[in-house]
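Colleague: I have not looked at this one before. Can you put it up and take me through the aromatic rings and the pockets?

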Amino acid sequence: MTPAELADSIVAAVRDAVAGGELDVPVPTTVTIERPRQPEHGDYASPVAMQLAKAARRPPRQVAELLAARLRTHPGVAEVEVAGPGFLNIRLAGAALGGIAQAVVRGGAAYGRATTPRGLRVNLEFVSANPTGPVTLASTRWASVGDALARVLAAAGYEVGTEYYVNDAGVQVERFGASILAALRGEPAPENGYHGAYVAEIAARVVAANPGLEQLVAAGSGGQVADEKALAVCARDGVEMMLAEIRSTLAGFGVEFDLWKSERSLHEAGELTAAIEELRAKGHVFDADGAVWLRTTDFGDDKDRALVKSDGHPTYFCADAAYYRDKRRRGFDRLCYLLGADHHGYIGRLRAIAACFGDDPEQTLDVIIGQLVTLSRGGVAVKMSKRAGTFLTLHDLVDAVGVDAARYSLVRASMDSSLDLDLDVIARQTNDNPVFYVQYAHARISSLIRNAAALGLATSADPAFDLEAVDVSLLTHQREVELLGALGELPRVIESAAALRAPHRIARYLEELAGTYHRFYDSCRVLPQGDEEATALTAARLLLVEATRVVLANGLHLLGVGAPERM
């Protein structure tokens with residue numbers, strides 16, 4: 001019996017008590033199930049009686065006694081104790097607890113995932129770095145976290161659309177084009193331009209793709225028209241080439257997007273004008289000082305925001321408003337933005353945009369701000385990229401430690417905390433390296449399963465394997481019970497990680513699970529040795545091991561990290 005199944009049994013007990021006239025309360029759709037800190041308090045606990053007491057107009061312990069009496073008749077429940085102010089402390093029957101291992105193996109890759117869709121569409125936008133340079137280390141964190149969050153949300157039953165917003169319009173693109181043009185002329189980059197060897201590389205590729213550009217570059221020093229043409233080509237092709245490199249880099253990191261949304265396409269499709277017209281119709285737009293403004297202060301922003309400047313050009317904020325409208329018009333119920341540490345000001349602006357369009361930001365918007373990442377090696381800061389010149393890139397991190405170690409290390413810390421990664425630690429194949437610790441547990445189990453097959457023992461990979469014939473009631477050792485309890489937690493961990501937008505909870509859960517498995521393995525011999533015969537307990541423990549392998553693999557997949565069978 002998994003925690004979810006136990007929750008269903010408690011809900012059924014409440015329903016029966018209501019039907020029998022013993023309780024007069026709304027029947028909950030689900031109830032809270034917890035794992036007691038002290039094993040002597042049972043396998044699981046629930047505060048449901050205290051949650052129902054007010055509606056029932058009865059003391060919590062009295063409600064708990066009513067529910068306990070019904071639960072004690074359940075064949076999967078061995079004992080129910082009413083404790084403290086009204087907790088239900090529940091101990092499962094041996095077969096019911098061991099049934100968690102059967103449920104895990106039966107579910108396979110689907111174990112832990114929601115069984116029914118939520119009917120909610122979530123748009124998850126992340127990375128969205130300007131296409132004017134390689135993917136930086138800060139953006140690499142968002143690539144890892146964003147992709148893991150998308151996987152977690154999907155596992156929790158949400159319909160998820162991932163999106164990269166391409167800032168291919170505006171001042172930054174012009175500066176990038178000017179930097180490429182300067183590189184072609186052998187001149188220093190302009191003020192606020194882009195530096196690094198990659199600019200010269202892009203410049204060489206732009207010239208190769210446009211044979212006539214060299215003539216324009218040479219002529220540009222003597223003519224404004226030639227200068228403008230050369231600048232336009234450099235900006236256009238430079239952005240396209242840089243974006244292609246970003247796509248390739250992220251794909252190599254295991255990150256794919258459902259949509260690469262061009263800011264320029266919003267301008268060309270008239271979406272900015274349409275957004276202004278809709279906001280004006282809603283009464284939130286006003287004109288002042290030759291500019292067009294959105295009255296965001298009505299919705300908590302610290303100042304009103306310009307949509308169109310006095311020179312007639314739309315602002316970035318106007319594009320943000322149009323983009324919000326575009327996402328909602330595409331049918332997304334909730335919009336989730338993952339932004340960098342320097343974007344705190346965007347929270348109030350985006351909430352105001354949502355409110356101006358008539359939405360409740362609490363219902364339609366999530367803005368998650370992440371903190372910076374720094375690299376060190378042996379305690380000494382790693383300061384810059386050889387290629388980028390002024391910042392560290394995704395390539396720098398992957399070249400140093402590999403994709404798996406990079407992704408896991410970036411996602412295992414809460415997004416609201418700054419992160420210092422020591423390259424020597426995360427590349428080390430020792431137990432003090434979390435990613436190695438978890439992957440090694442999976443590889444160790446895979447080796448054990450191969451050894452079992454070599455001994456002729458049946459495993460779940462055998463077509464004739466009878467899962468239901470394994471006597472899981474034999475799994476009564478303390479370490480076995482602890483491991484079963486840990487395996488049963490995966491669905492709840494996924495649910496909480498999705499609800500809190502916190503994929504790092506998956507990583508921490510996997511590390512705890514790996515430790516629980518290692519303690520089990522050290523205390524409970526799984527395979528027979530020498531001339532020993534395999535027993536029913538051997539089969540039960542082997543199934544428990546296989547269930548652990550499934551959960552480790554499923555959890556690592558949610559993080560976009562491999563589950564190796566050999567290390």
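Predicted model: local features only at pLDDT ≥ 70, side-chain atom pairs only at ≥ 80, totals over all residues.

Colleague: How many aromatic pairs does a search of the whole structure find?

Modeller: The search finds 11 aromatic pairs. One of them joins Phe257 and Trp260, with 5.3 Å centre to centre and 75° between the planes, an edge-to-face arrangement.

Colleague: Are Phe257 and Trp260 buried or exposed?

Modeller: Both Phe257 and Trp260 are buried. They also belong to one aromatic cluster together with Phe126 and Tyr164.

Colleague: And Phe436 with Tyr440, why is that pair called stacked?

Modeller: The ring centres of Phe436 and Tyr440 are 5.6 Å apart and the planes are at 10°, so the pair counts as stacked. The cut-off for stacked is planes under 30 degrees apart.

Colleague: Where do those two sit in the chain?

Modeller: Phe436 and Tyr440 are both in helix H18, residues 434–454. They are 4 residues apart, about one turn of the helix.

Colleague: Buried or exposed, for Phe436 and for Tyr440?

Modeller: Phe436 has 11% relative accessibility, so it counts as buried. Tyr440 is at 32% and therefore counts as partly exposed.

Colleague: Which charged side chains lie over the face of a ring?

Modeller: Lys327 lies over the face of Tyr337, at 4.0 Å from the ring centre. Arg407 lies over the face of Phe253, at 5.6 Å from the ring centre.

Colleague: Pockets now. How much space lies in the largest pocket?

Modeller: About 1,100 Å³. Its lining has 40 residues, and Val127, Ser128, Ala129, Asn130 and His343 lie nearest the centre.

Colleague: Which elements supply at least two residues of that lining?

Modeller: For the largest pocket they are helices H5 (137–155), H6 (171–184), H12 (316–329) and H13 (345–356), along with strand S10 (334–339). By class, the lining has 24 nonpolar, 12 polar and 4 charged residues.

Colleague: What about the second largest pocket?

Modeller: About 940 Å³ of space lies in the second largest pocket. It is lined by 28 residues, with Ala4, Arg113, Ala114, Thr115 and Pro491 the closest to its centre. Helix H1 (3–19), helix H4 (94–107) and helix H20 (490–499) each give two or more residues to this lining.

Methods
Residues numbered from 1 in each chain as written. Heavy atoms only, no water. Phe/Tyr/Trp six-rings, centres within 6.5 Å; stacked < 30°, edge-to-face > 60°. Buried < 20%, exposed > 50% of the residue type's maximum accessible area, 1.4 Å probe, protein only. Lys NZ or Arg CZ within 6 Å of the ring centre and 35° of its normal. 1 Å grid on protein atoms, 1.4 Å probe; cavity = no way out; pocket = protein on both sides within 12 Å on 5 of 7 lines; lining within 4 Å. Points joined across faces, edges and corners; volume = space filled by probe spheres on them. Nonpolar A, V, L, I, M, F, W, Y, C, P; charged D, E, K, R; others polar.
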